[in-house]
Amino acid sequence: MAVSSAAVQPRPSIPSRILSLLADSRNALGFGFMLPAAALLLVFLTYPLGLGIWLGFTDARIGRPGVFIGIENYQYLSDDAVFWLSVFNTLLYTISASILKFALGLWLALILNQNLPFKSFFRAIVLLPWVVPTVLSAIAFWWIYDSQFSILSWALMEMGLIDHRINFLGDPVNARASVIAANIWRGIPFVAITLLAGLQTIPQSLYEAATLDGASRWQLFRFVTLPLLTPIIAITMTFSVLFTFTDFQLIYVLTRGGPVNATHLMATLSFQRGISGGQLGEGAAIAVAMIPFLLAAILFSYFGLQRRKWQQGGGD
C-alpha cells in the first residue's frame, strides 16, 4: 500500500512552531523587537532609580554609605522653605516655558508648512538652537544677560527704550524671566520640527474638501488640523514637559540657582545638596520627589490628550 508524501513529512519542531507563531502575531513580533531595548533600559535605568530611592531613605554622605533612617529626609524637606521654593520655581518654569514653546512652536510649524521660498533652508536654520550644546547656549545667554556688558541692555539703551542697564540675573523676578526665555529659545525648534512632521502627514484632500464646503482658515485649523495633529501634540508636549521639568545645565551655568534661590529648580537643588553639599541621602530624596510630577505629566498625556475623542475631533 502506497504511503502518501504528506504522511511521511516530519512534523516541525517546537522551536520552529513557536517562531512561526511569533511571526504570525504582530503584537508578539513587536514585543520581540522591543525586548533588547527594554533589557538595556532595565539595566541602565532601573538600577540607578532603585539606588536613588534607597539612598533617599538613608543618611548617606559622600565617602560614607550611611544607614537606613526611614522617611527622615522627607520629613526634613517638608519643613524646608528652600525645597518648597524650588518646587514652585520648577512648576512655574515648566508650565510657563511649555505653554510658550507650544504656542510659538505651533505657529512656526504652520509657517514652515507653507510653500515658502527656500523653505528647506529655513527648516534647517530653525534646528540650530536645538543642536547647539546646552552649555554653549547657556554661556551665550550669560553674555547677553551680563549686568555690565549685556548686548541686550546696550541695544535697548541705544534705541532709547531704557535709561539704565537691566540686571537680568541679579534680580529674582528678572532672573526667573531670563532663564524661562533661554529655555524657550532652546526648546522651540524641537516642538516646531516635530509638529511640522505631523502637519506633513495630513492629506491635502481634507483641506480641499473643507474649503469647497466653505470652511474659513480658522475652521480648517480647528476642525481639520488640530484634531489630526493632537496625537503628535500629546507626544511632543509630554517630552517637552519632561525635558523642561528636569532641566539642569541651563540653570546651573546661568545662575546656579541664584539670586537668593530664586531660580533653584528641584534638579539643581538636588545636585547642590547631594553632590556639592555631600548629603547624598537628602539630594536623592529631592530627586525622588520629582517622580510624582513626572508621572502626572505622563498620565495626563496618556489619559487626556490621547483619548480617541480628541483624535477624531470630538467623537469616540
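Modeller: Helix α8 (residues 134–145) has twelve residues, and at 1.5 Å a residue it should span 16 Å, which agrees with its end C-alpha atoms being 16 Å apart. The expected span is 1.5 Å times one less than the number of residues, and helices are DSSP runs (H or I, at least four residues) numbered from the N terminus. This is a predicted model: local features need pLDDT of at least 70, side-chain atom pairs count only at pLDDT 80 or more, and totals for chains, interfaces and linings use all residues. Residues are numbered from 1 along each chain as its sequence is written, and side-chain values use heavy atoms, leaving out hydrogens and water.

Colleague: Which residues of α8 are buried?

Modeller: T134, S137, A138, F141 and Y145; buried means under 20% relative accessible area with a 1.4 Å probe, protein chains only. They sit on the same side of α8, because they cover an arc of only 100 degrees around the axis, taken from the directions from the helix axis to the C-beta atoms.

Colleague: What do they pack against?

Modeller: The buried residues of α8 pack against α7 (128–131), α10 (172–200) and α13 (249–254). Contact here means heavy atoms within 4.5 Å.

Colleague: And what does L254 touch?

Modeller: Its contacts include A138, F141, W142 and Y145, leaving aside residues up to four places away in sequence.

Colleague: New topic: how much of residues 124–145 is helix?

Modeller: That stretch is 86% helix and 0% strand, with end C-alpha atoms 27 Å apart.

Note on methods
Helices (H or I, at least four residues) and strands (E, at least two) are DSSP runs, numbered from the N terminus. Buried means under 20% relative accessible area, exposed over 50%, partly exposed in between (1.4 Å probe, protein chains only).
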